[in-house]
Amino acid sequence: MTEIRKYIASELHEQLAQAVLDLDVARAAELAQLVLDYRYSARDAILNGLSEGMRRVGDRFCSHEFFVPEVLVAARAMYRGLNLLKPRMLEEGEASSGYRGKIAIAVVEGDLHDIGKNVVKLMLEAEGFELLDLGKNVPPTVISEMLQKDNIQILALSTLMTSTLAGMKNTVAAVRSQHPQIKVIVGGAPVSASFANDIGADGTAGDASGAVRLALTLAGQS
Amino acid sequence: MSPAWERFRAALAGSGQLPICVAPLIAADHAAFLQNKNLRSILHSADELADALINAQKRYNGDFMIVFADVYVEAEAIGCRLEFPEDAPPHIEKTCSPDGLRATIPQRDGRLPMMLAAAKRVIAELGELIPVFASIKDPFSVAALACGAEEFFELLISQPALARRAIEVSHQNQLRYLEALLEMGANVILGAPMASGGILGEKHFKTFALESIVELLSHIRSAGRLAGLHICGDSDPILATISRIPAHFVSLESFSVERWKELLSDGQPHPALMGYFPMDLLNRGSVEQIEAEMSRELKALWGFPHILATACDVPQRCPESQVQTFVKAARRWRPNG
């Protein structure tokens, strides 16, 4: 990539992040279309633009500058861009990687926040993993049951709230006892490396890129 | 004046009378559970609802009670369609368009006539013994529940004028419903499950919810009745506003007690505080844990106008013994105990 294209890509990413932060749904779609029209990486635009915007929204939510209405509109802006970029990103993934294996992904019981899970899912798909999306607010028993049905190598669990960390711990314990061969990765705003270690997970990552790297390592593909 | 009424009045005044004023907030679901009765049936019959709530009141012997079926009564009347499982609270099957909310007549639409009849019976049977509060929702919450909460929250930013029109329809409906309740002698608690500080923040709360809440509360007071406001979730972002609201009491689920006490130190009139016993502890705590938490809460607010109550309505299948423990512990509590 030439320096000028790198510069423009970086500007587009920043503007995408800002569009999400500004709750500007139309602008997010417009910028995503520019990424497609000028054939910049859809994957980078999602990671460094849309996801970065949602991370900033999350910061404002934590500091009580934003509340639920703002987060919902920001999520709509992110999804509008994401839906435009997703087909291209999957093409990019197919071009660069083969089949990596199968991952089940879920938001733990008691938590309905699935934006983070959806972004990680998309990134893993782009990397060549096949995803089984178990949804949000999923009880440990349902997760364990679903893991019997397919040849799952990795389970990815997400939560946004501290109040559901105990549920994550219970889920990991249930999966460990019934499916010891399956690797478990955990993530979400309140999940730290020490928490992941304490509950017996195989690893955690602070963002979607990290989750992809971790999954590749655990699948023996890094 | 009955002992319960006396305790309630004393608690509103913050006079430090013992035993303290206490009640669990009981809705139809827990009342049905206590009698092992079909909830769906109770939610459709004034007599069954009144019987179940009166039975719960007699079992727990709280110092006040609410007449509350489920959160969707007014949303259903205004136009959304509900699904009623046999033994669980209803949920929305089909939401309304925000520009399609209909004007309701409380004597005619949905389950509003049933609620009026149930409130009338409970007031007739228990109103002289204890304060009975008919529960209605604030107009913002009714509109949000009827239209689908997430979609409605987005409207606040994307189409605020449309959101305002929906809230205004809901406001006029709630005024008529309130008037019908006041005519039968009810005290009223306004429930705000969606107009919550943790959901809306101060700006949206003030812009979209506050005006209606203040008007309804003022209307209740001007009729000479007791006016309460219950706000679900985290109230810290709107605590200063809530502390000046024209209610006799505000029932809060989660907030900073220290900040509340600071807000009360300005010499101005403020509502009494109702709440805020944690639901998890009520549901599963040991006797010792319940007593310890209650003592911590009561000592923190001793000398301030405070009515001890559960932070929200008691969960449907909360064991009866847990609620009994809560009420008995409050009856025994002494500030130096």
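These legends go with close-up views of a predicted model.

**View 1. Chain B as a whole.** Chain B is built from 15 helices and ten strands. Its C-alpha trace runs to about 55 × 45 × 35 Å along the principal axes. A compact globule of 337 residues would have a radius of gyration near 20 Å, and chain B comes in at 19 Å, so the two agree.

**View 2. Inside chain B.** Of the 337 residues in chain B, 52% count as buried. Take the contacts in chain B between residues at least 6 apart in sequence: 73% of them join residues at least 24 apart.

**View 3. Where chain B meets chain A.** Eleven residues from chain B and nine residues from chain A make up this contact. On the chain B side, helix 8 (149-158) and helix 10 (197-222) are the elements that give two or more residues. Helix 8 of chain B gives the most, with six residues. Sorted by class, the chain B side that touches chain A has six nonpolar, three polar and two charged residues.

**View 4. The two domains of chain A.** Chain A splits into domain 1 (3-96) and domain 2 (101-218), and their C-alpha centres sit 24 Å apart. Domain 1 of chain A puts 13 residues into the contact between them, and domain 2 of chain A puts in ten residues.

**View 5. The domain 1 side of that contact in chain A.** Helix 3 (42-62) and helix 4 (68-96) of chain A each bring at least two residues to the side of domain 1 that touches domain 2. Helix 4 of chain A gives the most to this side, with seven residues. By class, this side of domain 1 of chain A has seven nonpolar, three polar and three charged residues.

Terms used. Residues are numbered from 1 along each chain as its sequence is written. Chains are lettered from A and ligands numbered from 1 in the order in which they are written. This is a predicted model: local features need pLDDT of at least 70, side-chain atom pairs count only at pLDDT 80 or more; totals for chains, interfaces and linings use all residues. Helices (H or I, at least four residues) and strands (E, at least two) are DSSP runs, numbered from the N terminus. The radius of gyration is taken over C-alpha atoms; the globule rule is 2.2 Å times the number of residues to the power 0.38. A residue is buried if 20 or more other C-beta atoms lie within 10 Å of its own, exposed if 12 or fewer, and partly exposed in between; C-beta atoms are placed from the backbone. Two residues are in contact if their C-beta atoms, placed from the backbone, lie within 7 Å. Ala, Val, Leu, Ile, Met, Phe, Trp, Tyr, Cys and Pro count as nonpolar, Asp, Glu, Lys and Arg as charged, and the others, Gly among them, as polar. Domain bounds come from an automatic or database domain assignment.
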